[in-house]
Amino acid sequence: MIDQKDLWKASYIWMRYYGYSCVHYDQEKQEIWLANQSKQRIAIFKYGSYTSQSLEFDKQRVLEHQQQIDDFLKMRIQRYDIYFLTDKPFNPVSLNEREPVQLRFHSIQDLKTLTKKMTNPIAKSHLLRRDNKPIDMYQKRVLNQNLIERAMYRFTPITYSLIAINILIWIVITWFLPHGSDIEIINLGALAHFNVVHGEWYRLISSMFLHLDIEHLILNMMSLYIFGKLVESYTSSLKMLGIYFVSGMIGNLFTLAFITTSLSVGASGAIFGLLGALIALLTISKLYDRKSIFQLLIAAVVMAVISLLVRNVNIVAHLGGLVGGILAVYLYYFYHTFKKGFYWLVGLTVLTIVLLLVKTFLTPDENIYNQIIQDQMHANHYGEAKEMVQQTIDKGYADDMTYYLSGMIIAAQDSKAEAVAEWERGLRTFPNSVQLNYIMAITNRSLGDEKSAKKFINKAAEIAPKNESVKILKRELED
């Protein structure tokens, strides 16, 4: 048996899973009109009894007022589906029309019949699921015109998928992968200036899915749930996904340009991009009220305040992501409404990206692996430092400073002779290293081999004649 609750539940299912919004409700006729802007479709749910004359009247009412309906909804409707929930079946074939607009009648005697008209298996399951929710709950959700609250009801598969992927990656890292040291975090795919300028561009994306502590993960997933659902509900799943990745990568480009000595992980840049996109969408559409703006501002302020309490927050990525989200929305909007503005904005976007890349590659390239090795040495963790030296060499990122540090570690742990052998190995690869020639001069002098010491210091002086330390040691050896 079909009842009035099924009318409201079916309407709610269409809104939740198929992107429709309620645009009209006629209480006397027990009739709910739902519109899908992107698909340019109308779904009409009716409940009660009928006559052949009343069905024909419904058909003519739509056909005769098509232009007025288009003007009222501000869209060109391509298809109407009228779902008549009634205990008495009828043959809809004679009522259907193809011109001047597609018009389809559906005779619905129970919810199982309605599921045959549906394509989403999750929506089918939800419709058939027995529940004790009152009819008022479904009625309030269908008629609710608040943008924020309505979006929270929607089924947003991309948002849920991104949250699931982030949580799954966090679980794998936490329980199965080493992540205690900086070099292990780099190996997981963190954003590091040194690695990216050496060709590891995949880190622009991989770093967006890394969270190293539960607080960071919870904060970002809560924010993603709110802003992801809002943007995906307001646009579409694919557009939301595009905004997410574009914002995240632009946020990471800002990070590379202005933060060169530390690592960056997390989805914050992409999430702030969703916030920027939402601000742009609301500004363009003007479909907002005071309550919606207040709710959005509260969520944004809470997100910003909490993020400031998280350790090592990347403000640069947040601002970059925010800009990326706004740019993505306005590029799409101008492309369809204002071509000249679109080309200007494309030029501005390209110029911004080029400037960020120029700044990234012109910034002095500090070997982050050497920095990590030195941090371990200062903490007297020579075993870990020695292991990191080997990893740096294996990855092909070793330079003369790497061999210098390696020799210092060996000198502290083993013997000076073995350290000299390590520095000599480094000099074979980097013969013009001031650092290695200088340390070899000092070491040979301490061993009493002044001839070798002079040879190395003369080489260092030839390479860096203005280096004060080299000049002092050279004078001492000559005297």
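**Close-up 1. Strands β2 and β3 of the predicted model pair in antiparallel fashion.** Strand β2 (residues 31–36) and strand β3 (residues 41–47) run antiparallel and are joined by 6 bridges; the model shown here and in the other views is a predicted one. Within this pairing, Trp33 stands opposite Ile44 in β3. Strands of a sheet pair through backbone hydrogen bonds, in either a parallel or an antiparallel manner.

**Close-up 2. The open sheet has 5 strands with mixed pairing.** The strand order is β1-β2-β3-β4-β5. Because β1 (21–26) and β5 (102–108) stand at the edges with a single partner strand each, one side of each is left without a neighbour in the sheet. Direction ignored, neighbouring strands of this sheet are turned against each other by 15 degrees on average.

Close-up 3. One aromatic cluster is formed by Trp14, Tyr18, Phe45 and Tyr83.

**Close-up 4. The largest nonpolar core comprises 38 residues.** Of these residues, Ile368, Tyr369, Ile373, Trp423 and Ile457 touch the most other members. At least two residues of this core are supplied by each of α9 (182–188), α18 (368–378), α19 (382–395), α20 (400–413), α21 (416–429), α22 (434–446), α23 and α24 (468–478). Domain 2 (157–362) and domain 3 (368–478) both give residues to the core, which therefore lies between them. Not counting residues up to four places away in sequence, Ile457 touches Tyr438, Ala441, Val470, Leu473, Lys474 and Leu477. A second, separate core of 30 residues has Met208, Met221, Leu224 and Val231 among its members. In soluble globular proteins, nonpolar side chains tend to be buried together.

**Close-up 5. Ala453 is placed in helix α23 (residues 450–463).** Ala453 is buried, with a relative accessible area of 0%. If neighbours within four places in sequence are left aside, Ala453 is in contact with Ala441, Asn444, Arg445 and Leu477. Phe176 stands 277 residues from Ala453 along the chain, and the C-alpha atoms of these two residues are separated by 50 Å.

**Close-up 6. Phe209 and Phe245 form a tilted aromatic pair.** The total count in the model comes to 29 aromatic pairs; in the pair shown here, Phe209 and Phe245 are 6.1 Å apart, centre to centre, with 45 degrees between the planes. Phe209 lies in the loop between α11 (203–206) and α12 (214–234), whereas Phe245 lies in helix α13 (residues 237–258), so the pair ties together parts that are 36 residues apart in sequence. Phe209 counts as buried at 11% relative accessibility, while Phe245, at 22%, counts as partly exposed.

**Close-up 7. Phe254 and Phe258 form a stacked aromatic pair.** The separation is 6.5 Å centre to centre, with 25 degrees between the planes. Both residues lie in helix α13, where Phe254 and Phe258 are 4 residues apart, about one turn of the helix. Phe254 is buried, with a relative accessible area of 17%, whereas Phe258 counts as exposed at 52% relative accessibility.

Conventions:
Residues numbered from 1 in each chain as written. Predicted model: local features only at pLDDT ≥ 70, side-chain atom pairs only at ≥ 80, totals over all residues. Heavy atoms only, no water. Pairing = 2+ DSSP bridges. Axes fitted to C-alpha atoms, helices over the stretch in contact; angles between N-to-C directions. Buried < 20%, exposed > 50% of the residue type's maximum accessible area, 1.4 Å probe, protein only. Contact = heavy atoms within 4.5 Å. Core = buried A, V, L, I, M, F, W, Y, C linked by side-chain atoms within 4.5 Å. Domains from an automatic or database assignment. Phe/Tyr/Trp six-rings, centres within 6.5 Å; stacked < 30°, edge-to-face > 60°.
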